[in-house]
Amino acid sequence: MIPLTYYLILSTIVFTIGLYGIMTQRNGVRLLMSVELMLNAANINLVAFSSHNNDMSGQVFTLFSIALAAAEAAIGFAILLSIYRMRDMIDVDNINLLRW
Amino acid sequence: MANYMLLAPELVLTLVALAIMLAGLFFGPNNKNILGYVAGVGLFAALCLTIGGLTVNETLFYGTMTIDALSQFFKIVFISVSLLVTIASIKYTEGNKNADEFFTLLLFSTIGMMVVASANDLITLFVGFELASLSTYALAGFEKNNPKSMEAALKYFIIGSLSSALMLFGISFVYGMTGTTSIPGIAENAGALASSPIGLIAVVMLIAGFGFKMALVPFHMWAPDTYQGAPTVISALLAAGSKKMGFVAAFRVFVVALALLSPNWQTAFAILAVITMTLGNVVAISQTSVKRMLAYSSVAQAGYIAIAFAVMTPMALTGGVLYTLSHAFMKTGAFLVVAVVGYMVVSDNKNAKDIDHLDNFKGLAKRMPLTAFAMMVFVFALSGIPPTAGYMSKFILFSSTIESGLVWLAVIAILNSALSLYYYARIVKYMYFLPASGGKISEPKPYAVAIILALAGVLIIGIWPEPFVYWAMEAAKVLMV
């Protein structure tokens, strides 16, 4: 059996890649991908802890969070699509009408 | 057998939302107005049902949902905000072919917030949180041909989904160390979490996740942009409803479940409260858009409420809970006034730009006396002048802070309130002492009704606070078990 620590290291790496992507990427779709990575890192954690604790609720939680991530992606792409129709690009650096 | 009647408010709202969505298929754009009234009636029924079950204290569905004083209190906050927004939106969505979607999403987001209020399990809490967030992402981008509205939606969506990812990551550690997702269960097993560095990571992730929703500095960047760009009625919903959802979730998770780790997060909340209110008030001073100014003032108000976490005495929690109720009325009212002014500007000149600019408030007292008076009460309530709701809640919150020995925190908060008076008084000056640029016009009825209701809420809580304070105390007792 793979020790719990390995899963936690994997999830931390995936989470960090996602966080790094959020901070550096400027393309809307890539930002969405980065968020999905972060959510999946949490899912890895939940499943790993679930099997480690011999408790099913972590896996149930993962099913919920996968469904929610899909809904979130649908809304996100809908928003990106209407922005693309309006401006022909989804580079978030150029979406800057609202500033202080 | 669980008593499903306790969930009647949620069930009524779900049925009404689905009915509106279906009915929208058969109605033409000119007949969709009636759907707004249906949504309003549904919300009113839910409000009555919630008030009817005020004293219940039960758990449902194997302890995943709880109906107690705290949940009922926040449900009433959410339903009232949603009701005010719905009444005003009847005018806003007039003749819009997507009015049915608008009201459906509005009701779904309210249901999400209500689920969060009664969540007794992290899974329920997360699902409710996402239901409310996903609906409001779409609502913020409701004007899909308006670049500002879409930009608001995009910024809100990216930051919002980042915050749910952070929250979920934090929750996964809490679950891993305690072996349960039930909030009372976590409180029992929090020892393992407190003695391990993972507990600290989890607390940081959760503060960040909830902090984005509550718009605490440094997690506030999205709030001014979104509140400014989104349709004004939706800004009211976000500032008054969605933000309170962050607070009720944080009350449940930090004060109940992670109470054992309070040394870790109390100082963090004290520091966050100080930066939040200071930055919010200082930046609000230099704004020329009233919507953006209200957004920054809303950030500052979140800072005041966050004091409740830093102090965490029963009295401070009472103040924090009461503050969420008063803030809901003050902020909804203020944003609805901005919506009326926007309506007035557009009816003067169809191609007007910057309809939320401060200059449009010049001489408002002569053009729309009722709206101007209401706005004056709202801004004075926001700055904490008696006899308004804002004064009572600030008084309880700050005096409990002094009692508990955190005098420096109370002093900073009071100085901040004084600072905020500058930009609030400026609006009053523009409305009452500068010349008007047009004749008198009457407010559209739905807006007028919503504003009068919000005004009544602010004044009633301010003039006759005893029942509300008592009620907030009952709610705070749930947290101090």
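Read along the sequence, chain A runs α-α-α, where helices are DSSP runs of H or I with at least four residues and strands are runs of E with at least two, numbered from the N terminus. The model is predicted: local features need pLDDT of at least 70 and side-chain atom pairs 80 or more, while totals for chains, interfaces and linings use all residues. Residues are numbered from 1 along each chain as its sequence is written, chains are lettered from A and ligands numbered from 1 in the order written, and side-chain values use heavy atoms, without hydrogens and water.

**Exercise 1.** Describe the fold and spread of chain A.

*Solution.* 
- Start with the elements: three helices and zero strands.
- Next, take the radius of gyration, computed over C-alpha atoms. For chain A this is 17 Å, well over the 13 Å from the globule rule for 100 residues, so the chain is more spread out than a compact globule. That rule is 2.2 Å times the number of residues to the power 0.38.
- Finally, check the box: along the principal axes, the C-alpha atoms of chain A fill roughly 50 × 25 × 25 Å.
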